[in-house]
Amino acid sequence: ERGHGPYQPHEPGYGLYQPGYSPYDDQIPDPKSRMLAIQNAKAYLLKSSTTSGLNLYDHLANMLTKILDEQPTNAVDIIENISKDVKWAQLRKKMDTLRDEHEILPTFEAAEKRKALFLKANGEGDEELEEEIGETPLPNVMETAFYFEQAGIGLSKDESYHIFLALKKLISVQPIQTCRFWGKILGLEMNYIIAEVQYHEGEEEEETEEEEVIEEGGKGMGEVEDEDENKEKEYEPPKSTYKPPPIIPKEENGTGANKYVYFVCNEPGKPWVKLPPVTPAQIVCARKIKKFFTGRLDAPVVSFPPFPGNEANYLRAQIARISAGTQISPIGFYQFAEEEGDEEEEGGGGRDTYEENPDFQPLSVAEMVDSLATWVHHGQSILKQGRCVWLNPFQKSEEEEEEDEEEEKAEEPDEAEIGPPLLTPLSEDEGIQNIPAWTAQPSSNLIPQYAVAILQSNRWPGAYAFASGKKFDNIYFGWGHKYSPENHTPALPPPVQAEYPSGPETTETRDPTLEEELAFKAATEEALAAAEDEEEEEEVAEDDDEEEEED
């Protein structure tokens, strides 16, 4: 057979590929119908999308224009990417050249806030070298974070370093003697980063004097207003016989619950804010309520019983409570001063000061984990009164005693409260039902020779402590709430007071009947008639006496 080749004129396939020849000439549609089909197809391509608002006709035209303008190699292989680029170019926001709206990313905004932490002041480098050689109040936050990281506790390295720089900035502004990173309390809107500091001697006294002057000035203005009001009022309302309980004064700065001063900020790089001193009334009320922090110091605390202050005062009260119950140290690290110890014991006030023991010999990690008796509290406990040292609220000066002798006899002072002494072992802490107060464990069971002793408070979730050799520290990360095995139940309001005492003096009498009214009327008429008769008899007797005298 002959192979396939050019078709011969007598073969059926001849002339198929000749110019001007088409086997479908009889099937060519009418030109009018062809234009109608083209218009319908174009109308379909011009149909806009319901999601993006674009149409396929313009999109294909823009794609072809982009391909012809750029003429990329292997355009067919990257047609999908070209289509995506054309679509993004049309959806991109068109910026006005006269009013640019730059989008600020959150990371860029956070970097701008923390930029000041990395800047050095003029001539700061040489001074820092001198401070490193001597003593500096700046704590080594990164070292503490390293030890807590052994047990999976703490913040990220970036945040820890930012807090480190923020504490350095705080020390450069305030006259601080000691500084410590206390911890971080979480809030619903923002968090609180807390620094615990102590001022140099004399610096804190000046600030307290200024506060007292402001308070005295405010009281003087109030007294003047009261005098004016009393002059204007001619008829004073009846005075209440209710006597409120005596106000328990706060402890002086540098003692008790106000031993340390606390600064807070929401984020590293933001300004530090000093918290006010805590009062016994705030601590007592904070024990009865349970509120989440918002992150705004000026936010009101809506609760019952009413809290005396705003969120800054509530935060300070919670810090005092957490510090009193969770500030611990290895036994033997601190000791009482020998000279002051005997005097304080004789006075009955208890020891409230301690010092570092230069001869301290650290225990092994295994010993500190096995027994809670190897840890002690070095923070004073807060009494039910709201103070670390009990104060008699009814104690008065000699002049007041002479004036109010009778009242003092009626008022019986409460019994003096005595809390656990300083440096009390943790083994004496009371548990919560079947839960111990503390949980001790090593940071690693796989490598015990290099482990760190870690303690976790079950009474205040989020409070931790570590010890490794002669180094130890305490830290808190949590919501600032004490653990409660039961759901928190707010206190009920007191019962409604009676309006008035019920007795015959205040009881309304019943209306008399008609018979009683007539009998009363007859009795009054008889009494009047009898009185008139007596008057007439007296007048007659007087006339007879006068006639006898004339005779």
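Residues are numbered from 1 along each chain as its sequence is written, and side-chain values use heavy atoms, with hydrogens and water left out. Because the model is predicted, local features are reported at pLDDT of at least 70 and side-chain atom pairs at pLDDT 80 or more, whereas totals for chains, interfaces and linings use all residues.

The protein chain contains 15 helices and 12 strands, where helices (H or I, at least four residues) and strands (E, at least two) are DSSP runs numbered from the N terminus. Of the 551 residues in the protein chain, 26% are buried; here buried stands for under 20% relative accessible area, exposed for over 50% and partly exposed for values in between, with a 1.4 Å probe and protein chains only. Among contacts (heavy atoms within 4.5 Å) in the protein chain between residues at least 6 apart in sequence, 62% join residues at least 24 apart.

Eight of the strands form an open sheet with mixed pairing, in the order β4-β3-β2-β1-β12-β11-β10-β9, two strands being taken as paired if DSSP finds at least two bridges between them. Strands of a sheet pair through backbone hydrogen bonds, either parallel or antiparallel. Strand β1 (residues 176–185) runs parallel to β12, to which it is joined by three bridges, and K184 stands opposite F477 in β12.

Helix α7 (residues 157–173) lies across β1, β2 (192–199) and β3 (261–265), and runs at about 145° to β1. Helix α10 (residues 311–326) also packs on the sheet, where it touches β1, β2, β3, β9, β10, β11 and β12, and its direction makes about 100° with that of β1.

Strand β11 (residues 463–468) has five of its six residues buried, so it is largely enclosed by the rest of the structure. With strand β10 (residues 453–457), β11 pairs in the antiparallel sense over four bridges, and A453 stands opposite A467 in β11. The two strands β10 and β11 form a hairpin with five residues between them, and G462 in the turn has a positive phi of about 110°. The pairing of β11 with strand β12 (residues 471–478) is likewise in the antiparallel sense, over six bridges, with Y476 in β12 as the bridge partner of A463. A hairpin is also formed by β11 and β12, with two residues between them, and in its turn G469 has a positive phi of about 70°.

For helix α2 (residues 56–70), the 15 residues should span 21 Å at 1.5 Å a residue, which agrees with the 21 Å between its end C-alpha atoms; the expected span is 1.5 Å times one less than the number of residues. Within α2, the residues H59, M63 and I67 are buried. They cover an arc of only 70° around the axis, which puts them on the same side of α2, the arc being that of the directions from the helix axis to the C-beta atoms. On the other side of α2, L64, L68 and D69 are exposed. At the start of α2, a side-chain oxygen of N55 reaches to within 3.3 Å of the backbone nitrogen of Y57.

Most residues other than glycine have a negative phi, and most peptide bonds are trans. Q71, which follows α2, has a positive phi near 50°; Q71 lies in the loop between α2 and α3 (79–91) and is exposed, with a relative accessible area of 62%. Q433, although not a glycine, has a positive phi of about 55°; Q433 lies in the loop between α14 (405–410) and β9 and counts as exposed at 63% relative accessibility. The peptide bond from F304 to P305 is cis, with omega near 0°, and P305 lies in the loop between α9 (280–286) and α10.

Finally, H377 is placed in strand β8 (residues 375–377) and counts as buried at 10% relative accessibility. When its neighbours within four places in sequence are left aside, the residues in contact with H377 include A324, G325, L422, T424 and W438.

Terms used:
Polar contact = N/O pair within 3.5 Å; in protein donor to acceptor, adjacent residues only side chain to side chain. Axes fitted to C-alpha atoms, helices over the stretch in contact; angles between N-to-C directions.
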